[in-house]
There are 2 protein chains.
Amino acid sequence: MQNIKLTMAYDGTDFSGWQIQPGQPTVQGAISDVLENLTQQRLQIQGAGRTDAGVHAAGQVANFKTEAELSADEFQRAFNALLPESIRIVAAEHVPPDFHARWNAVAKTYRYRIFRGRVVSPFLWRYVQHDPFPLDFDVMAEAARKFEGQHDFTSFAASTGSEDEDRDRTMTRVIYRSEMTRVACEDLPGSAEEWVYTVRGKSFLRYMVRKIVGTLVDVGRGKLQPENIAELFEMRDRSKSGPTMPPQGLCLAEVEYPDTPGHDGSQ
Amino acid sequence: MQNIKLTMAYDGTDFSGWQIQPGQPTVQGAISDVLENLTQQRLQIQGAGRTDAGVHAAGQVANFKTEAELSADEFQRAFNALLPESIRIVAAEHVPPDFHARWNAVAKTYRYRIFRGRVVSPFLWRYVQHDPFPLDFDVMAEAARKFEGQHDFTSFAASTGSEDEDRDRTMTRVIYRSEMTRVACEDLPGSAEEWVYTVRGKSFLRYMVRKIVGTLVDVGRGKLQPENIAELFEMRDRSKSGPTMPPQGLCLAEVEYPDTPGHDGSQ
């Protein structure tokens, strides 16, 4: 029996999210179907976390256990030959039998891309949220930092459910990094920018990143002040924070494990 | 009567090329349909040149004449509200009555993207040609320069037809710039490169850029030498040059007019 770790990138546009759902196109479903073709068995594929419908991934991680005698490299090539081009296996490797993509993850990084410009390039629209209206970057960047640390994120979560399938019922989460950056976008003639929100944490509640970004946009519009973030944590009331942003701007950038290069064991 | 110039970007993946064809989804057809909605008239839209099925554009240009009293800015906003997200009007402007997108063009620039890496990102596959096999960049770059100048491109054309709808029957074309560059590709973890072929000329024969790139790939594989390019011009035999590369790597990057900023009137 071998344990295989997959690192995956996908364009979530045409999928109903990561997790298998009957009758819906899902990333886990597509990978399971190919794996069944390869091994003649319906194997369980364990993802590091769910991504919702329309959300992308550059570094989602999963693992599965199999008695098939293909090497990790052979699995990677077979997957990439049989999967649609919108799902790619970026890396495949043998891991110890006790490796579990979800329980062993020590950090996840998400990015949310807001396109600042009048016209969204036809090559980018699947991957960005377009916001051409006035927004104050500096107060958004200041507010973004307020999410770092350990907080009760009840005000920034879906009404139910957790991306991590709630091992416990706590709404407390630890965020290591939360910041806004601006990047020149040279996809089309003329000047445009992307404002990118990057957040790295141990784990996340469902919709948490999209609710945080919605709150940052409210700050950028002047509806909220950076000082209000602390109050929102106190309130534990999701109706007081900003809206849940649309999925297409969101990407699961990376999942880290204790042996991830550059990962120092602590955070 | 006003004359409106449109600068357009499009993802050609789901279109049967620029030019209207009955029963086929085309870019010109989609724009004509929206223009008919806006003006209640079927107006002729003149493109700077055709792009074939699957070929993209970042800077295609067209013009149309209308008695509608919308401003150029209103046309741009209305087009972008009604067109699919895979076609965007990047700019719209009033131009003198004698402006003609095809006849007034003084130069066009095309880019062809070859993805060098094992796994193509799910965010890039529509826009690159994947070639993971050994290729010698330096000889390809050397060969690319041999296309600059005035040449008979019979060996590098489709068997019939011209992108410019053949005003004349000559197969001679003038190329101002023809070069290969390499660009780091940081779309996914791990190192990968794009090799980008950029060609700028007065006008092009049908399939000419894709035949040139196919020939450069033959050079990169050692099937041809850079010295053979001059012989291929002499032979006037399209069976001796490289294959026509697939369309998805190709993008019409820019069309220049005498008044294009930075354009000095000569070439």
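## A first look at a two-chain model

B:T13 counts as partly exposed, with 16 C-beta neighbours inside 10 Å; the label falls between buried (20 or more other C-beta atoms within 10 Å of the residue's own) and exposed (12 or fewer), with C-beta atoms placed from the backbone. Welcome to a predicted model, in which local features need pLDDT of at least 70, side-chain atom pairs count only at pLDDT 80 or more, and totals for chains, interfaces and linings use all residues. Residues are numbered from 1 along each chain as its sequence is written, while chains are lettered from A and ligands numbered from 1 in the order in which they are written.

**Around B:T13**

- You will find B:T13 in the loop between β1 (2–10) and α1 (27–39) of chain B; helices (H or I, at least four residues) and strands (E, at least two) are DSSP runs, numbered from the N terminus.
- Not counting residues up to four places away in sequence, B:T13 touches B:G54, B:R126 and B:Q248, where contact means that C-beta atoms, placed from the backbone, lie within 7 Å.
- B:T13 and B:H56 are 43 residues apart in sequence, and their C-alpha atoms are 7.4 Å apart in space.

**Helix α2 in both chains**

- In chain B, helix α2 (residues 72–82) holds B:A78, which is partly exposed with 17 other C-beta atoms within 10 Å.
- Neighbours within four places in sequence aside, B:A78 is in contact with B:L38 and B:L70.
- From B:A78 to B:I229 there are 151 residues in sequence and 47 Å in space, C-alpha to C-alpha.
- In chain A, the buried residues of helix α2 (residues 72–82) are A:F75, A:Q76 and A:F79. They lie on the same side of α2(A), because they cover an arc of only 100° around the axis, an arc taken from the directions from the helix axis to the C-beta atoms.
- These buried residues of α2(A) pack against β1, α1 (27–39) and β4 of chain A, whereas the face turned away from the buried side carries the exposed residues A:D73 and A:A81.

**Domains and core**

- Chain A is divided into domain 1 (2–95) and domain 2 (107–256), with bounds that come from an automatic or database domain assignment.
- The centres of these two domains of chain A, taken over C-alpha atoms, are separated by 27 Å. Their contact takes 17 residues from domain 1 of chain A and 13 residues from domain 2 of chain A.
- The largest nonpolar core has 135 residues, and those with the most contacts inside it are A:L216 and B:L216; such a core is a set of buried Ala, Val, Leu, Ile, Met, Phe, Trp, Tyr and Cys residues joined through C-beta atoms within 7 Å.
- Leaving out residues up to four places away in sequence, A:L216 touches A:M140, A:A143, A:A144, A:M180 and A:Y197.

**How the two chains meet**

- The contact between the chains takes 21 residues from chain A and 21 residues from chain B.
- On the side of chain A that touches chain B, β1 (2–10), β3 (56–66) and β4 (87–95) of chain A each supply at least two residues, and β4(A) gives the most, with three residues.
- A rotation of 180° with 0.0 Å of shift along its axis superposes chain A on chain B (RMSD 0.0 Å), using least squares on the C-alpha atoms of residues with pLDDT of at least 70 in both. That is the relation of a two-fold axis.
- In chain A, the C-alpha nearest the axis belongs to A:F123, 4.5 Å from it.
- The same surface serves both copies, as 100% of the contact residues of chain A recur in chain B.

Technical notes
Two residues are in contact if their C-beta atoms, placed from the backbone, lie within 7 Å.
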